[in-house]
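Here are my notes on the model. Please read them with the structure open.

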Amino acid sequence: QVHLAESGGGLVQPGGSLRLSCAASGRTISTHTMAWFRQDPTKGRDFVSAISWSGNSTFYSESVKGRFTISRDNAKDTMYLQMNSLKPEDTAVYYCAAAYFGRVESGDFFFFPTDYSDWGQGTLVTVST
């Protein structure tokens, strides 16, 4: 089992930036698809972004496309989410997730939380004045 730990959340003003990190331990995640999901108290867990095992393919929800950038460093077993131009509606708990789908670059299963086997505890991002 992979243990995931998010960091980098906090309070930021609208228009600001944050960088989230997700560090893995216990097993390497170099062959895993990785993703970020977010959840606020009124909604379910929504897809934000995913990255293939190689890092060559990335995917974003329409609400964050052009503002967020996902990346990974397999040598460090770490994934990142650079969040720019933050909006109040980005406020949520952000979770990182990992799953082994085989060494694939894309698939519908990238986007659904039920397809991921390992999760972090979440980090709170609050965008407010």
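1. Start with Tyr94. Leaving out residues up to four places away in sequence, Tyr94 touches Glu6, Leu20, Trp36, Phe37, Arg38, Val48, Phe68, Leu81, Met83, Gly122, Thr123 and Val125. Contact here means heavy atoms within 4.5 Å.

2. This is a predicted model: local features need pLDDT of at least 70, side-chain atom pairs count only at pLDDT 80 or more, and totals for chains, interfaces and linings use all residues. Numbering runs from 1 along each chain as its sequence is written, and side-chain values use heavy atoms, with hydrogens and water left out.

3. Tyr94 also belongs to the largest nonpolar core, which has 25 residues. Trp36, Leu81, Met83 and Tyr94 touch the most other members. Elements giving two or more residues to this core include S3, strand S4 (33-39), strand S8 (78-83) and strand S9 (92-99). A nonpolar core is a set of buried Ala, Val, Leu, Ile, Met, Phe, Trp, Tyr and Cys residues joined through side-chain atoms within 4.5 Å. Buried means under 20% relative accessible area (1.4 Å probe, protein chains only). Strands are DSSP runs (E, at least two residues), numbered from the N terminus.

4. Now the sheet. Four strands form an open sheet in the order S1-S3-S8-S7, with antiparallel pairing. Pairing requires at least two DSSP bridges between two strands. S1 and S7 stand at the edges with a single partner strand each, so one side of each has no neighbour in the sheet.

5. Five bridges join S1 to S3 (residues 18-25), and the two run antiparallel. His3 stands opposite Ser25; Ser7 stands opposite Ser21. Leu4 and Glu6 make up the covered face of S1, while His3, Ala5 and Ser7 lie on the uncovered one.

Note on methods: Buried means under 20% relative accessible area, exposed over 50%, partly exposed in between (1.4 Å probe, protein chains only).
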